[in-house]
Amino acid sequence: MSDEKLGFSKSVPLIVSAAIISIALGLGLNQVGHGFASRTGEGITVTGSAKVSAKADKAVWPLNAERLAPTQSEAITKVNAAVDAVTRYLTDGGVPASEIEYGSASAYPQEEYVNGSSTGRIISYRASRLITVRTKNVELVSTLSKGIGSLLATGVNVSNYGPQYYVSTLSDLRPELLKEAMQDAQIRAKAIVEATGGSVGSVMSVRSGPFQVTSPDSTDTSAGGFYDTSTIDKTITSTVTVMFKVN
């Protein structure tokens, strides 16, 4: 092969390689440009919150009367007497009869066990009946629940599950709390963006979080929302996650 042809054959791969590198660099710079454009087009995401103190205005108080007796009929008779005693305690304490609900009485056999195994012999029956107070007088229920020991001292067997306190106006509080949470998000976004020399633009997206109803000063939360029913005084918290455009 002549030197001219040999030189030409060596130069072809070099030309092709240079072309490939040139194209690759062009594409790379093009992609880098698009990357910066995408990032400048994005915004900042912040979470705003708002909270308010509230008092429960509805109470649900379940009580369970129980008695044990050798026969089923005697157990039912005794548990009904216990229910009457609980009713007198409630009504004498100021709860209207219309705010007291009664479940049906039930009785279950109690079998004899020897060394962890049932002998098949029934030794007694346990009867129970649920009594539920539903009222808006939450303070009265709180007082009666704390003083139920006086009823137990008379020999009445009743299980006090504790009152459950609810805020019935929660749906009315939601709009204002969401508005305040949105304003809080805007303040936070402005503080962050202005510190970097930018400015907050329009809202790109908003997502409302679940409401958290907790006892005062509690840090309890849940991803699906939290509702503490153990206290009359409550703190209701609302959150929103907002993406703002950055100018």
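This is a predicted model: local features need pLDDT of at least 70, side-chain atom pairs count only at pLDDT 80 or more; totals for chains, interfaces and linings use all residues.
Residues are numbered from 1 along each chain, and side-chain values use heavy atoms, without hydrogens or water.

I looked up the surroundings of Asn64. Its relative accessible area is 9%, and therefore Asn64 counts as buried (under 20%, with a 1.4 Å probe and protein chains only). Beyond its neighbours within four places in sequence, Asn64 is in contact (heavy atoms within 4.5 Å) with residues including Ser128, Arg129 and Tyr161.

I then turned to helix H2. Helix H2 covers residues 72-92 and has 21 residues. The buried residues of H2 include Ala75, Val79, Ala82, Val83 and Val86. I recorded that the buried residues of H2 pack against several elements, among them strand E2 (58-69) and helix H3 (138-146). At the start of H2, a side-chain oxygen of Thr71 comes to within 3.2 Å of the backbone nitrogen of Glu74. Just after H2, I found Gly94 with a positive phi of about 115 degrees.

Last, I examined the lining of the largest pocket. Strand E9 (212-214) and strand E11 (233-246) each supply at least two of the lining residues. By class, I noted one nonpolar, eight polar and three charged residues in this lining.

Note on methods. Helices (H or I, at least four residues) and strands (E, at least two) are DSSP runs, numbered from the N terminus. The expected span of a helix is 1.5 Å times one less than its number of residues. Buried means under 20% relative accessible area, exposed over 50%, partly exposed in between (1.4 Å probe, protein chains only). A polar contact is a pair of N or O atoms within 3.5 Å; within protein, one must be able to donate a hydrogen and the other to accept it, and residues adjacent in sequence count only if both atoms are side-chain atoms. Ala, Val, Leu, Ile, Met, Phe, Trp, Tyr, Cys and Pro count as nonpolar, Asp, Glu, Lys and Arg as charged, and the others, Gly among them, as polar.
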